[in-house]
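Reader: I would like to go through the labels used for this structure. Please back each one with its cut-off.

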Amino acid sequence: MGKGKRVGIVGAGNVGSTVAFILAMNGSCHEIILRDNKIDIAKGKALDMSQAAAAARSHTIVSVAEEPEQLKDCDVVVVTAGSPRLPGMSRDDLLLKNAQITREVVRDIKTYSPNAIIIMVSNPLDAMTYVALRESGFERNRILGMAGILDSSRMAYFIQEKLGYGTGQIRASVMGGHGDDMVPLPRYSTVAGVPLNDLLTDEEIDEIVERTKHGGAEIVSYLKTGSAYYAPAKSTTIMVEAILKDTKQIYPCAVYLDGEYGYSDVVSGVPVSIGANGAEDIINVSLNACERKMFKKSVESVRKLIDTLNENNFFEDCK
Ligand SMILES: NC(=O)c1ccc[n+]([C@@H]2O[C@H](COP(=O)([O-])OP(=O)(O)OC[C@H]3O[C@@H](n4cnc5c(N)ncnc54)[C@H](O)[C@@H]3O)[C@@H](O)[C@H]2O)c1
Ligand SMILES: O=C(O)C[C@H](O)C(=O)O
């Protein structure tokens, strides 16, 4: 699988380096190139991972791009550059700082890996995916944001914890933006094919929904110096591998909406078929009135962040 493929990772912090490690251990691609402001840290991690790859008999090479031009000709670039939140912060508090970082990083990707598919991870995720799209000028299928797989995995875990059984058999579904207004969908969640409301009470499902919405903050409250990275990294590698293997499997991803679900010129999380061309198809799931209302609120939250960027004349500088 993926022989000869090159994956770039910008931001070799907690999430980026864990993505690299998983890909290297899986032998998912031929080469992984790390890029970070902290060059020595990136070099140390690349060396460490290369030695782990040797131990695992993996053919993946991990190297460092010390200069922007060394992150060249990548098939996929994952962007995790930027600050994580700390306890008491919302993801949205990172907006202006991470938008500037995303802009710089995406300009280099556009120049040196002009055919890459970009997977955004930096927060606030939907707004950063929008920034990447505007800054790159790439077709919308080539810019995806990672969040829905993570949020759905969290919901699946909370269902399993509540039930006490079903490990590995739970399919949970979350749509909308990656914020407090995300839209967990119990109606589309099952355990070994059994609908959730056959297994849990409404109150129990409500608790799971609320905990899912605040799943990121729960981990920040324990870690204190940053945010989650194991589940985010695993979720990101699922997207990278779907692109490299051209699987065309459906995953919830943040993509630019152009009329889908009744919204345009905004990014939100929806089910997407992922393949070699990135977001190849956007799947239209039928939502009931209540779900539509929640989706609308979530889209409006993302739209507010885009408005804030506009008010700061952020997009006037887009090349
Ligand atoms: N979408 C999601 O579901 C999700 C999940 C987890 C984390 N995140 C977000 O991902 C981002 C990274 O999280 P983390 O835990 O890895 O943080 P981290 O602080 O561990 O790593 C971020 C890295 O980015 C680097 N960096 C900063 N500016 C850069 C630039 N211009 N060029 C290259 N590198 C640069 C930093 O040196 C650092 O190593 C945060 O914004 C976080 O909120 C999103
Ligand atoms: O919660 C955060 O700030 C990081 C990430 O978005 C997450 O959900 O873990």
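Author: Start with Asp265, which sits in strand β13 (residues 264-275). Strands are DSSP runs of E with at least two residues, helices are runs of H or I with at least four, and both are numbered from the N terminus. The model is predicted: local features need pLDDT of at least 70, side-chain atom pairs count only at pLDDT 80 or more, and totals for chains, interfaces and linings use all residues. Residues are numbered from 1 along each chain as its sequence is written, and chains are lettered from A and ligands numbered from 1 in the order in which they are written.

Reader: Why is Asp265 called exposed?

Author: Asp265 has 11 other C-beta atoms within 10 Å, so it is exposed.

Reader: What makes Arg57 exposed?

Author: Arg57 has 7 other C-beta atoms within 10 Å, so it is exposed. Arg57 lies in the loop between α2 (39-55) and β3 (61-64). Phi of Arg57 is positive too, near 55°. Most residues other than glycine have a negative phi.

Reader: How do you know that ligand 2 lies between domains?

Author: Domain 1 (6-145) and domain 2 (148-309) both give residues to its shell, so ligand 2 lies between them. Those bounds come from an automatic or database domain assignment.

Reader: Which helix gives the most to that shell?

Author: Helix α7 (residues 215-223), with 4 residues.

Notes. Buried ≥ 20, exposed ≤ 12 C-beta atoms within 10 Å, placed from the backbone.
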